[in-house]
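Hi there,

Here is the structure we talked about handing over. My notes on what turned up follow below it.

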Amino acid sequence: MLAASEAPPAEDREPEDGRIRIAVIGRPNVGKSTLINRLIGEERVMTSDIAGTTRDSILVPFERDGRLFTLIDTAGVRRRGRIDDHVEHLSVSKTLQAIAEAHVVVMVVDAQDSIGEQDASVLGLALNRGRALILAVNKWDNIPMEQREEIRRLLTLKINFVPFAPLHFVSARHGTGVGDLTHSMIRAYEAAMRQMKTPELTRVMEAAMVQHQPPIVRGRRIRLRYAHQGGRNPPRIVVHGSQAAHVPESYKRYLANVFRERFDLFATPVSVEFRSDVNPFLKDKPKEKRGLKTSQKERRDRRIRKDRAKRPAKKK
C-alpha cells in the first residue's frame, strides 16, 4: 500500500484564480498525457508508448465551455517493489501531492487491463483525501463489442468501495467520450464546492428520519435535531442530537446517500459527522450539584434498598 502524502489539502473556498484543479492519475502508459492533449485540443504534453515518459507533475492551464481549468498530469504510480530510484520516489510523492491539491481526481485506467491492487490503493488515497472521483476507462475503442458488457460488470465490482465515482468509457486518441468527461469534471467540482443552508439540510434530514427512523440504543431512540454544513471539498455535514455518538455506520451511510441525492453531490464523497448535544447550563456545574433524573434516582434507591436487605441484621 502507498503511504499518504503530507501535502496540505485543497482549500474549501473558491479558488482565487477561478480555475478548477483536476489531477489526472493512473498507472504508467494508460494514456494520461494523451487524454490531457485531447482535452486541451493540442499536443502540449509529450506522449510515448514507453512507460514512465512523464516523471514530474505538469500543470496545464486551459479553457473549455467558458470554464478555466488547471490539469495536473502526474507520473504513473507503480508498485513499491518497482520504485527503484530517487526520481521514481519523487514522482510518486508529486502524484500524491497532486491528489491533495486537486478539486477533482480523474483516474485513467486501461480498458484492456483489470483494476489491480495498486489502482485500488491510489483510489483509496484519493478517497481518504475526500476528493471528487471520476474513472476514465481509456482505449475503449480497442475492446470488441461482445466483451464490453463483461468488462463493465468487472469494473463495477472492483470499485464497489467508491460507488459514487462515475465511469466514463473514452478513447483519448480518437476523442470518443471526452466531451462528456469534461461535463462530469465541472459537475463534480460544483458538487464538491456546493453551499448548503442549515434549514434545507435539516428539512432533508427530518424527511429521511420519517422514512427510516434512527435505531434504539440502550433503550432510548437516537434523536437527531438539526444539521449544518461544516466544510467543502468534500462536503461535510454535521448532525446534532442526543446519543449521536452511537449512530451506527449503516445509518450514517443512509443519511450520506440521502444528502447526496437531494443536493446532487455528484462524484464526491460525503462526510457526515455526529455530535451529541450538551446542556450549556450543566457544563460548568460540579457533578455533585447536577442532580439525577427521576428514573436514575429510582434505580439508585432500589439498589440501596437491595443492599440494605442483603446485610445481616446487627446483634443487639
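Y251 is buried, with a relative accessible area of 2% (buried means under 20%, exposed over 50% and partly exposed in between, with a 1.4 Å probe and protein chains only). Y254 is partly exposed at 22%. The ring centres of Y251 and Y254 lie 5.4 Å apart with the planes at 50°, so this pair is tilted. For such pairs, ring centres of Phe, Tyr or Trp (six-membered ring) lie within 6.5 Å; planes under 30 degrees apart are stacked, over 60 edge-to-face and the rest tilted.

A word on the source: this is a predicted model, where local features need pLDDT of at least 70, side-chain atom pairs count only at pLDDT 80 or more, and totals for chains, interfaces and linings use all residues. Residues are numbered from 1 along each chain as its sequence is written, and side-chain values use heavy atoms, leaving out hydrogens and water.

The structure holds three aromatic pairs. Another of them, F62 with F69, is stacked, at 4.9 Å centre to centre and 15° between the planes. F62 counts as buried at 7% relative accessibility, and F69 does too at 0%.

Now the core. The largest nonpolar core has 30 residues, of which I22, L35, L71 and I134 touch the most other members (a core is a set of buried Ala, Val, Leu, Ile, Met, Phe, Trp, Tyr and Cys residues joined through side-chain atoms within 4.5 Å).

Happy browsing!
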